[in-house]
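These are my notebook entries on a single protein chain. I set down each point in the order in which I looked it up.

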Amino acid sequence: MLNLSRRDFVVSTGFAAALGLSGRLAVSPAFAQKTADPAKPFVTYKIGAVEVTAIYDGIWEKPHDPAFIANASVEDVKAAMVKAGLPADFVSIPFTVVVVKTGGKTILCDSGTGGQVQPTAGKLMANMKAAGIDPAKVDTILISHFHPDHIFGLMEKETNKPVFANVEIIVSDVEYKFWTDPAVIDRLPEARKGLARRIQAVFPTWKNIRQVEGEPEVAPGIRFVSAPGHTPGHRAFHLSSGSSELMISNDTAYVPALVVANPGWRGVYDQDQATAEASRRRLLERVIADKMLICGYHFPFPGAGTIAKDGTGYALTVMKT
Ligand SMILES: [Zn+2]
């Protein structure tokens, strides 16, 4: 859901280099992380017979910005963070990648930040190994949408070499066509043009991307669910096994403290805000009606929980670990 921070990262490392710092010390004091990483950076749970592992990639402690939510003030945002039990002085945006083991396959849901989005994220590979999941044994990667925090884990920093050269990467055809259309660059806001250029330089040269239409089954027991608005081809992933279901919601309700509690809040990262709100409400209503678990890429780690109606909005209860 983000990309404005890439420039900040460069400024930060440049600042550190000027001081002669290197390695982990290269994070400037302004980027010192206030949130402790989870003591155990991976959590495994079952959906029916299927094993799901939430793997922590890191966090963005996003500074407050009046433009973040069009119809809520910074004070409203701070109050919503506090109500969710989170710090008020920034917006907590963790990154959590879900790995599903089903039908003998290991499936990655999105690819993490690749250490290219925030200096406080990029731990996916190390934490996968800690969880006993070998990145070389991944069979399939499902991509929800093409924002940097979801796809930069597919490509090496600077060289753009594929990290998963022999893995089938499944994406919505709508999302693929939107970002790879040369004409889109002129239509995008300035902050998104670089992203589109990188996608256009890289994805069409790869042979392992499969575009799919609509809401097909993309792996045993996993279906794409159309949830546009955040981006034109944004997809959630619905997993079912026996009578158990999990809605892997990706960025449909990105920061639940804000937009699960207040589904009508219009976030700057939702490209088409009215469509995003409609997708969000539809998905949350389905999760409640069918009594399924939900997880989200930016939900508080480990990211899975239940949703209930709460006044004019909804409430997320994150599972205990
Ligand atoms: Zn995101």
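How many bridges join strand S5 to strand S6, and do they run parallel or antiparallel? I found that 3 bridges join S5 (residues 140-142) to S6 (residues 168-172), and that the two strands run parallel. Within this pair, Ile141 has Ile169 of S6 as its bridge partner. Strands are DSSP runs (E, at least two residues), as helices are (H or I, at least four), numbered from the N terminus; two strands pair if DSSP finds at least two bridges between them.

I noted the basis of the entries: the model is predicted, local features need pLDDT of at least 70, side-chain atom pairs count only at pLDDT 80 or more, and totals for chains, interfaces and linings use all residues. Residues are numbered from 1 along each chain as its sequence is written, and side-chain values use heavy atoms, with hydrogens and water left out.

**Entry: the open sheet.** I read the order of the 7 strands as S1-S2-S3-S4-S5-S6-S7, with mixed pairing. Strands S1 (42-47) and S7 (209-212) stand at the edges with a single partner strand each, so one side of each has no neighbour in the sheet.

**Entry: the hairpin.** I then looked up S8 (residues 217-219) and S9 (residues 222-226), which pair in the antiparallel sense over 2 bridges. They form a hairpin with 2 residues between them, and Gly221 in the turn has a positive phi of about 80 degrees. Glu217 has Arg223 of S9 as its bridge partner, and Arg223 also has a bridge partner in S10, His238. S9 and S10 (residues 235-241) pair in the antiparallel sense over 5 bridges.

**Entry: cysteines.** I counted 0 disulfides, a disulfide being a pair of cysteine sulfur atoms within 2.5 Å. Cys109 is buried, at 2% relative accessibility, and Cys295 is buried with a relative accessible area of 2% (buried is under 20%, exposed over 50%, partly exposed in between, with a 1.4 Å probe and protein chains only).
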